[in-house]
Amino acid sequence: MASKPPTGDPVQDAPQVAPPQHAAAGLPAIGHTLKISQQQMGVARTARTLLKVNQKDGFDCPGCAWPEGDKRHIAEFCENGAKAVAEEATLRRVTPDFFAAHPLADLATRSGYWLGQQGRITHPMYAAQGADRYEPVSWERAFEIIAEELTALDSPDEAVFYTSGRTSNEAAFLLQLFAREFGTNNLPDCSNMCHESSGSALTETIGIGKGSVSLEDLHRADLIIVAGQNPGTNHPRMLSALEKAKAAGAKIISVNPLPEAGLERFKNPQTPLGMLKGAALTDLFLQIRIGGDQALFRLLNKLILDSDGAVDERFVRDHTHGYEEFAAAARAADWEETLAATGLERGEIERALRMVLDSRRTIVCWAMGLTQHKHSVPTIREVVNFLLLRGNIGRPGAGVCPVRGHSNVQGDRTMGIFERPSAAFLDALDREFGITSPRHHGFDVVRAIQALRDGKAKVFFAMGGNFVGATPDTGVTEAAMRKARLTVHVSTKLNRSHAVTGRRALILPTLGRTDKDVQEAGKQFVTVEDSMGLVHASRGNLPPASPHLLSEPAIVARMARAVLGAASATPWEEFERDYATIRDSIARVVPGFEDFNARIARPGGFALPHAPRDERRFPTPTGKAHFTAAPVEYPQVPEGRLLLQTLRSHDQYNTTIYGLDDRYRGIKGGRRVVLVHPDDAAVRGLADGAYADLVSEWTDGTERRAAGFRVVHYPTARGCAAAYYPETNVLVPLEATADVSNTPASKSVIVRLEQSPPT
Ligand SMILES: Nc1nc2c(c(=O)[nH]1)N[C@H]1C(S)=C(S)[C@@H](COP(=O)(O)OP(=O)(O)OC[C@H]3O[C@@H](n4cnc5c(=O)[nH]c(N)nc54)[C@H](O)[C@@H]3O)O[C@H]1N2
Ligand SMILES: Nc1nc2c(c(=O)[nH]1)N[C@H]1C(S)=C(S)[C@@H](COP(=O)(O)OP(=O)(O)OC[C@H]3O[C@@H](n4cnc5c(=O)[nH]c(N)nc54)[C@H](O)[C@@H]3O)O[C@H]1N2
Ligand SMILES: [Mo]
């Protein structure tokens, strides 16, 4: 049997602190996996479900987007994947009785942890204007309400359709089609807060916004640089790939303000020796200051240029553009400035350079530590410069590896979930469906919040996710959302976004990855694309959490019929009846999906084309890869302030909180902690265990406060601090975004710490 969810709230947040660990996975990980799984699912369901994760006949893990190798283990999942599965396959239920007992005002006082722990939502629910709680509503009525509000708008651009990255290709394709047929490109998605900076930088420089390496490339690399990423927690299966690469002789450089346990040593739970000893992963740890990466790569580029024979001149000549201008800028890189920006020592950078020059095949992997800064796009462009210099794109064992977050965030974008779609994509869509898609760009996440705030957007629809929980400037965002005429959330579980609603609000409960999906034409499967561009099928096998759930494709199809009515010639009914018909349309609209249904039937799926990787062809306007030469930037932190990064603990999936521990960092039983270097804490008179408010200071003179954080003396880089998201979203100003990509700069928030009495 599963155990009962927690009842008391606020859940006691009383962090206990031990020294950080130096290895990831191993036996404690297995024990923790089974404990959490059994609390949610009971013993039998745990076994039945976990054995299907990432198998060729099973479902895609709803955790991260790391690819599966071709040879699969019986247990092809990790501790955190298992937790993601347990969250979804839980036996706990949120029924209409629950909503009767918990008015909206009550839900609004609950923590995200408490809300999520209540279980799967079983019925469509509606909060009418002025109502104090949600009540059950029929699906027909729910779609009527959406149609009423959408058709009453002055312009289709007053509606916003958000997507979180778990949505299948099929559902994503239908949602963007519906939005465009309705008349708007307002399709913000979680990617806007995540890898948008990578997409922007890569599209401009190599012509495609996706990573260029496969798992085999990682296994073959001489040098892997992991910058701004914590795979031990967020992509645990990546550690197996790093272990394999090391066994074949690769070297690893970690670039991070924090010493992350997973990158230090990995105890592979799938091999007996691994369990016992574990493999050391990192050869060189560069403990960089937050935001110092562009300066680091710029200097490395100068040093490469200065080293005889280090530049791959033939590649540069035949395949690149803009070299001279870039080289001039790189030659001007300055040691002193770089040391100040990075906080590193000269000897460390020289060691890194030797490893770079010794490597014939180099891969750079990165995640949020590189993408969520004001200067993230130029930072990632500098990484591209670094790889181009030595010809490290478009050959085996080398390339760019942005490691994606949500399990289908990359696929959703491929399917057209994008506020700035290309004309070619829209032309193909219009041809297939006989529609005229709008050509003007739509709102991304931050612009959608601004539009809601300013009364320019009035209906908000979310395909999954937790919009108000995940976005910056919580106070501003929640007020903006409350101004909407209607908010609609297609969800599996409760979260903050269900408590902070527009005047009318709907919750549409849906099937998850683990649920069996049966439509008129029989049992259905969906497809997803992983971080390396492999597309494969995902089949749930559990009886759905409730008989009243609809699948995501069914919800979009029915919404479209209710809103567009007879005016639409799109076969929405057929799409709902048989998802293979959706794939037939995708095959005609999206390049790389030709013959989709036949190719997806092969076990393991297929790889999407990637011109730089496959043929060393760069689909940029010049047909070449572009060197770029932006000025070097790094955060300027005023005297007495710290640079705060907002990151994930080991027991959370974005805004879904599995538990209150962060095992590898030695934190237990609480999330309101701030990690500070002991010397920085001492200067402020903050003992380990003291409590402080975090006060962010923005350039317009405004301040934002998050109160009552336990100070933890921690070996982070000097001048830097770290605390968990989403609790710290309140500190990130809506206008603090990355240049070009407009991604919230949630990894570089200037804060001061004010000692506060313990709470
Ligand atoms: N279990 C679990 N898995 C997940 C998620 C989850 O929440 N839980 N989330 C998923 C999603 S959507 C995503 S996007 C990914 C996120 O995966 P990550 O990007 O690994 O997640 P974060 O916790 O944000 O960690 C950021 C890392 O970058 C480092 N860092 C911060 N600032 C800088 C900097 O300026 N320079 C450098 N070099 N490093 C820096 C931090 O110390 C930290 O190690 O994980 C995905 N997988
Ligand atoms: N300060 C700060 N803010 C950040 C970040 C950060 O590092 N720091 N990271 C950013 C990043 S990288 C991301 S990706 C975003 C994440 O933003 P989101 O994707 O919006 O947030 P999640 O917390 O992943 O969404 C969880 C909710 O998704 C719903 N859900 C789960 N599975 C399914 C499903 O199968 N179908 C449907 N319809 N719903 C489902 C559940 O109701 C659950 O409560 O947050 C961003 N915000
Ligand atoms: Mo993400």
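## Overall build

Of the 759 residues of the chain, 65% count as buried. The structure is a predicted model, and its secondary structure comprises 33 helices and 33 strands. The C-alpha trace spans about 70 × 60 × 55 Å along its principal axes. A compact globule of 759 residues would have a radius of gyration near 27 Å, and the 25 Å of this chain agrees with that.

Among contacts with a separation of 6 or more, 79% are between residues 24 or more positions apart.

## Surface and charge

The accessible surface of the chain is about 26,300 Å². Carbon and sulfur atoms account for 53% of that surface.

The chain carries 86 positive and 89 negative charges. The mean position of the positive charges and that of the negative charges are 4 Å apart.

## Helix 23 and its cover

Helix 23 covers residues 423–433. Its buried residues are Phe 425, Leu 426, Ala 428, Leu 429, Asp 430 and Phe 433. The elements that cover these buried residues include helix 8 (169–182) and helix 22 (409–414), as well as helix 29 (572–577) and helix 30 (579–589).

Just after helix 23 comes Gly 434, which takes a positive phi of about 65°.

Thr 163 is part of strand 7, which runs over residues 159–163. Buried means under 20% relative accessible area, and Thr 163 counts as buried because its relative accessibility is 1%. Apart from neighbours within four places in sequence, Thr 163 is in contact with Leu 175, Pro 188, Asp 189, Cys 190, Asp 412, Ile 417 and Met 463.

Glu 552 belongs to helix 28 (residues 552–564). With a relative accessible area of 14%, Glu 552 is buried. Beyond its neighbours within four places in sequence, Glu 552 is in contact with Thr 167, Ser 168, Ala 171, Met 463, Val 490 and Thr 510. Glu 552 and Ala 171 are 381 residues apart in sequence, but their C-alpha atoms are 5.7 Å apart in space.

## Two buried residues in loops

Gln 524 lies in the loop between strand 20 (522–523) and strand 21 (526–529). A relative accessible area of 6% makes Gln 524 buried. When neighbours within four places in sequence are left aside, Gln 524 is in contact with Asp 517, Gln 519, Arg 577, Asp 578, Tyr 579 and Ala 580. The C-alpha atom of Gln 524 is separated by 33 Å from that of His 32, a residue 492 positions away along the chain.

Phe 618 is found in the loop between helix 32 (611–615) and strand 24 (625–626). Phe 618 is buried, and its relative accessible area is 1%. Leaving aside neighbours within four places in sequence, the contacts of Phe 618 are Ile 206, Phe 315, His 319, Ile 393, Pro 612, Gly 623, Lys 624 and Ala 625. Phe 618 and Arg 404 are 214 residues apart in sequence, and their C-alpha atoms are 22 Å apart.

## The annotated domain

An unreviewed UniProt entry annotates residues 642–749 as "domain: Molybdopterin dinucleotide-binding". This span is 6% helix and 37% strand. The C-alpha atoms at the ends of residues 642–749 lie 8 Å apart.

Tyr 725 and Pro 726 are joined by a cis peptide bond, with omega at about 5°. Asn 742 is found in the loop between strand 32 and strand 33. Asn 742 is not a glycine, yet it has a positive phi of about 60°. Asn 742 is also buried, with a relative accessible area of 12%.

## A positive phi between two helices

Asp 473 sits in the loop between helix 25 (467–470) and helix 26 (474–482). Its phi is positive, about 50°, although Asp 473 is not a glycine. Asp 473 counts as buried, at 4% relative accessibility.

Terms used. Residues are numbered from 1 along each chain as its sequence is written. Chains are lettered from A and ligands numbered from 1 in the order in which they are written. This is a predicted model: local features need pLDDT of at least 70, side-chain atom pairs count only at pLDDT 80 or more; totals for chains, interfaces and linings use all residues. Side-chain values use heavy atoms; hydrogens and water are left out. Helices (H or I, at least four residues) and strands (E, at least two) are DSSP runs, numbered from the N terminus. The radius of gyration is taken over C-alpha atoms; the globule rule is 2.2 Å times the number of residues to the power 0.38. Buried means under 20% relative accessible area, exposed over 50%, partly exposed in between (1.4 Å probe, protein chains only). Contact means heavy atoms within 4.5 Å. Accessible areas come from the Shrake-Rupley method with a 1.4 Å probe; for residues, only the protein chains shown count as cover. Lys and Arg count as positive and Asp and Glu as negative; His and the chain ends are not counted. The place of a charge is taken as NZ of Lys, CZ of Arg, CG of Asp or CD of Glu. UniProt positions are given in the numbering used here, feature names are shortened, and annotations may be inferred rather than shown by experiment.
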